[in-house]
Amino acid sequence: MASLIVAAAISLLGSETVAHGRRFVRSSSYDEPCKEMRLYLHDILYDYSNSTSNSTSAAVTKPTALSTAVSKSGYFFGRMVVFNDPMTEGRALPPSMEETAVRAQGLYFYDKKEDYSAWLAFSIVFNSTAHRGTLNLMGADPLAEKTRDISVVGGTGDFFMSRGVATLRTDAFEGFTYFRLQMDIKLYECYVV
């Protein structure tokens, strides 16, 4: 009876691999990821003075009494922003914001009273002939640090069940309305066709 249960479990596991048409690859060393890429995230915050057609993010919370009492700038702590930002392989902002094949969609909120710091949760959505699917990222982003790491916690499509790390670096910053992040993404668990 026990051998029948083991055989059934192996059969189910095998059929799932066939159903997805992928095999699992785990990096043998954390020095050598199974996939790497560099992307640039372009965030243009709507602030009532810039064009709504160019804006890719918007604050969805008003300043709280605590934020105006303790934040250096008077309104960052507790502020939440949702975004649908274009991502590029190079630093240049794409000429048409809607035609990018890769987008970052999610939210961030400022979570520290004494200094700039944010917490991010977003999906990178790929829609091109090169890649289809999503990568899901989340984690703390202490903005005072030169580089920060956040976790790649999963994915779909070409990035099915991927895990890894994304190293963020602020590449450009123009006041409160525009920033560009360089993201070096290293995946250590990948499924391949």
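Biologist: Why is T56 called buried?

Modeller: This is a predicted model, and in it T56 has 9% relative accessibility. Buried means under 20%, so T56 counts as buried. Its place is the loop between β2 (35-44) and β3 (57-59).

Biologist: What makes the pairing of T56 and D85 a polar contact?

Modeller: Their side chains come together at 2.6 Å, and the cut-off for such a pair of N or O atoms is 3.5 Å. T56 also touches other residues beyond four places away in sequence, among them H42, F83 and P86.

Biologist: How do you know that R163 and E189 form a salt bridge?

Modeller: The closest N and O atoms of R163 and E189 are 3.1 Å apart, and the rule asks for a side-chain nitrogen of Lys or Arg within 4 Å of a carboxyl oxygen of Asp or Glu; therefore the pair qualifies. R163 lies in strand β9 and E189 in strand β10, 26 residues apart, so the pair links distant parts of the chain.

Biologist: Why is R163 called partly exposed, and why is E189 called buried?

Modeller: R163 has a relative accessible area of 45%, which falls between the 20% and 50% limits, so it is partly exposed. E189, at 10%, is under 20% and therefore buried.

Biologist: What makes D141 and R148 a salt bridge?

Modeller: Their closest N and O atoms are 2.5 Å apart, and the limit is 4 Å. Both D141 and R148 are buried. By this rule the count comes to six salt bridges.

Biologist: And why is D171 called buried, while R169 is called partly exposed?

Modeller: D171 has 17% relative accessibility, under the 20% limit, so it counts as buried. R169, with 25%, lies between 20% and 50% and is therefore partly exposed. R169 and D171 form a salt bridge, with their closest N and O atoms 3.0 Å apart. Salt bridges that share partners join R91, R169, D171 and R180 into one network.

Biologist: What about F176: why is it called partly exposed?

Modeller: F176 has 46% relative accessibility, between 20% and 50%, so partly exposed is the label. F176 sits in the loop between β9 (163-174) and β10 (178-192). Together with Y116, L143 and F173, F176 makes a nonpolar surface patch of about 400 Å².

Technical notes:
Residues numbered from 1 in each chain as written. Predicted model: local features only at pLDDT ≥ 70, side-chain atom pairs only at ≥ 80, totals over all residues. Heavy atoms only, no water. Patch = residues over 30% accessible without salt bridge, like charges linked within 9 Å, V, L, I, M, F, W, Y side chains within 5 Å. Areas by Shrake-Rupley, 256 points an atom, 1.4 Å probe, with all protein chains shown as cover. Helix = DSSP H or I, 4+ residues; strand = E, 2+ residues; numbered from the N terminus. Buried < 20%, exposed > 50% of the residue type's maximum accessible area, 1.4 Å probe, protein only. Polar contact = N/O pair within 3.5 Å; in protein donor to acceptor, adjacent residues only side chain to side chain. Contact = heavy atoms within 4.5 Å.
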